[in-house]
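Dear colleague,

Please find below the structure for your records. My notes on it follow, and I would welcome your comments.

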2 protein chains.
Amino acid sequence: MAERSGYEGLKLENQLCFPLYACSKEIIKQYKPFLDKIDLTYTQYITMMVLWEEKQIGVKALGEKLYLDSGTLTPLLKKLEAKGLITRHRSKEDERNLIVTITEAGEALRDEAVDIPMDMGKCVDLSPDEAMVLYQLLYSILGKISAKGE
Amino acid sequence: MAERSGYEGLKLENQLCFPLYACSKEIIKQYKPFLDKIDLTYTQYITMMVLWEEKQIGVKALGEKLYLDSGTLTPLLKKLEAKGLITRHRSKEDERNLIVTITEAGEALRDEAVDIPMDMGKCVDLSPDEAMVLYQLLYSILGKISAKGE
DNA sequence: TTTCATATAATTGTGTGCAATTCAATCGTG
DNA sequence: CACGATTGAATTGCACACAATTATATGAAA
């Protein structure tokens with residue numbers, strides 16, 4: 001009621017996107033000390049999380065899971081390969097597809113990473129209910145956006 | 001109950017941080033077509049949003065509002081200056097402080113940006129209640145993290 | 001089978017994002 | 001006033017992130 005300028009929408013505090021963006025960055029920053037211990041960046045960490053589950057996956061499927069494209073993944077995967085955590089090779093059936101496979105060393109790293117989720121949970125400190133609500137809202141948004149792009 | 005591997009926490013779907021990170025990126029991607037029209041990147045856009053409100057602000061205060069540091073802001077502000085949207089000059093009282101001031105052209109851009117929040121609202125499509133809950137949870141997290149760093 | 005369209009990863013270029021360092025200005029203490 | 005500590009911006013170096021382009025491989029159609 002107070003504001004009739006027509007510019008109300010153009011305020012940082014009135015945009016959902018901004019706290020989302022800021023929150024994401026700040027939480028990732030909280031991960032840094034824990035990830036430093038296993039010498040991974042955040043993006044490398046979420047990539048390894050997929051590989052700890054899948055053992056083997058194509059770059060395209062990996063990109064869909066992580067919402068990342070080959071421009072980001074190609075150099076990142078080369079670094080993980082250089083660290084000895086994964087191998088990269090072309091699919092025999094279709095040479096266009098590059099398959100990423102976790103190595104022994106990559107598997108072993110999982111044991112060193114096992115406490116990170118709990119350590120981080122302490123940093124963020126939401127109630128289970130709040131976490132659930134937030135989680136569902138975020139995946140609802142992601143679902144709607146993905147649906148739009150087909 | 002089903003899973004006793006001890007690795008349950010190390011799954012992408014069980015980490016709050018991941019949907020937050022993915023959601024932030026995907027929404028920013030949705031902004032692109034609208035921001036292209038006024039030739040701003042997302043980071044430049046939120047910077048201009050502060051300046052449309054404040055007219056004039058120091059780099060330090062700007063960084064605190066945007067959760068960005070001088071390493072990000074310095075080159076970004078130079079680009080905005082090159083576009084003629086802002087000016088940069090040192091404070092007379094304390095030469096360490098760099099003051100950013102919006103120009104006429106910067107003010108004028110506000111009129112071209114005025115529809116962006118509504119256009120984006122259509123893209124995300126949450127109910128007002130959901131948006132409010134999400135908004136409050138995010139600022140609650142941001143508040144707790146800021147409080148920890150004093 | 002040749003050729004055109006499609007699929008996929010890699011490359012290129014631009015713009016963040018942040019830690020660490022540097023540099024200049026200011027402040028506080030003796 | 002001197003000088004060491006602090007502050008604030010700029011710089012440097014590294015790692016994304018993504019749009020656009022390129023290159024190669026596959027598949028489909030004539």
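**Contacts with the DNA strands**

In DNA strand C, a phosphate oxygen is 2.9 Å from a side-chain N or O atom of Gln44(B), a polar contact being a pair of N or O atoms within 3.5 Å, where within protein one must be able to donate a hydrogen and the other to accept it, and residues adjacent in sequence count only if both atoms are side-chain atoms. The elements giving two or more residues to the surface near this strand are helix H1 (17-37), helix H3 (59-66), H4 and strand E2 (86-90) of chain A, together with helix H2 (42-54) and H4 of chain B. Helices (H or I, at least four residues) and strands (E, at least two) are DSSP runs numbered from the N terminus.

This is a predicted model, in which local features need pLDDT of at least 70 and side-chain atom pairs count only at pLDDT 80 or more, while totals for chains, interfaces and linings use all residues. Residues are numbered from 1 along each chain as its sequence is written, chains are lettered from A and ligands numbered from 1 in the order in which they are written, and side-chain values use heavy atoms, with hydrogens and water left out.

Two further polar contacts to DNA strand C come from chain A: a polar side-chain atom of Tyr21(A) lies 2.6 Å from a phosphate oxygen, and one of Arg90(A) lies 3.2 Å from a sugar or linking oxygen. DNA strand C is surrounded by 29 residues, the closest being Tyr21(A), Ser70(A), Thr74(A), Arg88(A) and Thr41(B); a residue is near a strand if one of its heavy atoms lies within 4 Å of it. By class, this surface has six nonpolar, nine polar and 14 charged residues. Here Ala, Val, Leu, Ile, Met, Phe, Trp, Tyr, Cys and Pro count as nonpolar, Asp, Glu, Lys and Arg as charged, and the others, Gly among them, as polar.

Around DNA strand D there are 28 residues, of which Thr41(A), Tyr21(B), Ser70(B), Thr74(B) and Arg88(B) come nearest. A phosphate oxygen of DNA strand D is 3.0 Å from a side-chain N or O atom of Thr43(A), and a base oxygen is 3.1 Å from a side-chain N or O atom of Arg96(B).

**Helix H5 of chain A**

In helix H5 (residues 104-113) of chain A, the buried residues are Gly106(A), Leu109(A), Arg110(A) and Ala113(A). Seen down the axis of H5(A), they fall within an arc of 115°, so they line one face of the helix; the arc is that of the directions from the helix axis to the C-beta atoms. On the other side, Glu104(A) and Glu112(A) are exposed. Buried means under 20% relative accessible area, exposed over 50%, and partly exposed in between (1.4 Å probe, protein chains only). Arg110(A) counts as buried at 10% relative accessibility. Neighbours within four places in sequence aside, Arg110(A) is in contact (heavy atoms within 4.5 Å) with Trp52(A), Glu53(A), Lys55(A), Tyr7(B) and Leu10(B).

**Ile28(A)**

Ile28(A) lies in helix H1 of chain A and, at 22% relative accessibility, counts as partly exposed. Not counting residues up to four places away in sequence, Ile28(A) touches Tyr42(A), Cys17(B) and Tyr21(B).

With kind regards
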